[in-house]
Structure formats: structure tokens, C-alpha cells
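Have the structure open while you read.

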Amino acid sequence: MLSAPSGAASPVPWQVAAAGAPPAWPTADGAGVVVAVVDSGVDADHPDLAGAVLPGRSYVDADPGAEPRLLALGSDEDPVYERAFGQADPVGHGTAVASLIAARPVGGRPGMAPAAEILPVRVLDDENRYHDSSMVGAAVRWAVDNGADVVNLSLGGHYDSAPFAEAVAYAERHDVVVVACTGNLKPDDAGADGAGGEEEVWFPARIDTVLAVTGTDREGERWRTAVAGEGTDLAAPGAELTAADAAGGHRTVTGTSFAAAIVSGAAALVRSAHPDWTAAQVRRALTSTAHPAGAGLGAGIVDAAAAVAADPPPAEVSASVPAVWSAAATAAGGGLLGLGALLLRGRRRFGVRARTMTG
């Protein structure tokens, strides 16, 4: 059974201990790192997230009966003003994800990176769905342009999207780590023993430069409804996790969405400890130090402390472009990807942290 590593702070949520975060905290707690949660918004008033949530942006129309409008920071005509930000969450999904990443210790349920900041970007409607993948791509670009070091995508689907893929390529060119869930099976599709978990990994998790995360239970076994198999990079606790509830208090959540949040928190710890490492180096540190696990779980179960303590992974040798990027470039008219060397973000290299929010 997975348990808290020796020397870990106590008590901490089981998933935080199982993912190896507490031993990393004396070295790195996520301070100085911004994690964008592209989701259903984040309840900035939840006590676990007090002071953790930055002003964000919503791409969801507050009034579906009116002409579609982009609601953003600075909107002054929206009748429900707070919906113009990402700091409200009518669904609760994004709040749970954010708390798993960066809940403060004050409530006794710290997240993986309890000093990281959350940049909320709302793309999911009141039914927890998005209807336009290009809109999600625009949200990713906005997060990159507004200070994100890590982008968490606890969403996805079966079909590729060229605009969304180009946004992921944009994040890679700007040295931002992108983490996404592999997807969830319907219970009827999983079978009695969960053997249906070999379904194709969802998009955008199947893009090469995205960390594709599946979910495990307390025993370190794949959760029966978690998509796994080829294309999976890492596993993390994803069943029966305790997370913040946007309605107040806490709730139990299950799914690869929440496993992805655990890995985003681990990535924040690595970025906090090693601000000079590239996104590719962070990914390799996380996968090379994972605990070997069962079939279909990629490199294994994430170990945040081991990744933080790892020697610097080798630099990129080549600037090869995944096929999905090339497809995105072709669909967008070609030439948009700038197939040159990776551009490191100056604010990380020189310690200057951008905080300007674009319209």
C-alpha cells in the first residue's frame, strides 16, 4: 500500500504523501511558480486556497441567451461581474484541481506545491463541458502570455484539434510544462476487471510534449476506469482523493483529471527547485524518477521528491517536431510553428516574473 514517506510532514492527504511531495518541501514548495488551471474556474474564496489564486480570465459567456461575448479581466458591462474572471467556479471541478495542486497548509490538507500560485482560466460551462477546442487553445495561449510556468489540462476528448495543438506547441516554444489527463472510461466500458483501460489516450494528452497522466488507487494499481496504455507518460493517485469543494468544505474526487493535478503540482515543485531547467528537462526529471508500476502506467507513479533531487537531465539534442504540431501548422496555413530552437522565457532565466494581464 502507498503511504507517507519517512520524514514526511503529518498529517497530509494520502495522495500528497503517495506522490512524494512532503520530503521535497524543505527544498521546494512551489514558491515562485504559477500553475494555470484551464478548467471550470477556481473558487478563490475557499479557505484552502486563500491568497493562492491570481486574477484570471473566463472564456465562457455568462448569458447564453445574448450574443456571444468574451468575458475577460476588465469587463465592465457583465451583469454578473465575477464571472468575467476565473475566480468563480459554478461546477467545482477546477476548484478541486487547484486545491490538489496548491492548497495552503492552514486547513491541514496541503496540496502538492503549497506555495505555488494558481492562474484560473475558465473554459468549462455550467455543465462541465467545452464546446470549442479552439477556444481552449486560446485559453492556453493566454495563460502562457500571462505568467504560467505549468499548464494543467484536466480535460480532453477523442478528437484532435489543430488550433488546440498549435496552442500546446506555443506553450512548448515558450518553455511551459503542459500536463493533461489520459481520460476516463465509462464504467460499463471498463469491464469487471477494468480491462478496458487500453482505450486510446485522449487529446491533448497524446501530444508528445504533453505529460499524459493516468490514475491509480491507494494500492498503486490503475484505477479501473482510468484510460492507460500506449501514450501514457506517468501515473499518479487518482481515486478517492480529498479536495476542496467550491460549495464549501471538502469532497472526495476520482478520475484522471485529479491525477493530472497531482503531476502538475509535482512539476511546480521541480520548477521551484530548478528555475533554469527547460520544460523538456522537467518532464524528463519526472518520468525518469517515477516508481516503476504495473502495465499501462507509463514510466510509473510520480515521485516529486526524487524528481526535485534528480541531477539535471540532458538538454534537448534536437528540435524535432511531433506530427500533430506539423498537422496544426498545415491546417493553420503553415509557418505558424516557428520550427526553430526552443525559446526560453526571459523572465525565468533572469528572475523577472511577468504579472501583466492582457485584455
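Contact here means heavy atoms within 4.5 Å. You're looking at a predicted model, where local features need pLDDT of at least 70, side-chain atom pairs count only at pLDDT 80 or more, and totals for chains, interfaces and linings use all residues. Residues are numbered from 1 along each chain as its sequence is written, and side-chain values use heavy atoms, with hydrogens and water left out.

**The helix pair**
- Helix α6 (residues 256–273) and helix α7 (residues 279–288) have axes that come within 10 Å and cross at roughly 120°.
- That makes α6 oblique to α7 (under 35 degrees is roughly parallel, over 145 roughly antiparallel, 65 to 115 roughly perpendicular, and the rest oblique).
- From α6, A266, A267, V270 and R271 meet A279, V282 and L286 of α7.
- Sorted by class, this contact of α6 with α7 has six nonpolar, no polar and one charged residues (Ala, Val, Leu, Ile, Met, Phe, Trp, Tyr, Cys and Pro count as nonpolar, Asp, Glu, Lys and Arg as charged, the others, Gly among them, as polar).

**How covered is α7?**
- Seven of the 10 residues in α7 are buried (under 20% relative accessible area, with a 1.4 Å probe and protein chains only).
- Among the elements covering those buried residues are α4 (162–173), β5 (177–181) and α6.

**The core**
- L286 and V302 touch the most other members of the largest nonpolar core, which has 61 residues (buried Ala, Val, Leu, Ile, Met, Phe, Trp, Tyr and Cys joined through side-chain atoms within 4.5 Å).
- α6 supplies the largest share of this core, 11 residues.
- Leaving out residues up to four places away in sequence, V302 touches residues including I262, A266 and L286.

Methods: Axes are lines fitted to C-alpha atoms, for helices over the stretch in contact, and angles run from 0 to 180 degrees between N-to-C directions. Helices (H or I, at least four residues) and strands (E, at least two) are DSSP runs, numbered from the N terminus. Buried means under 20% relative accessible area, exposed over 50%, partly exposed in between (1.4 Å probe, protein chains only).
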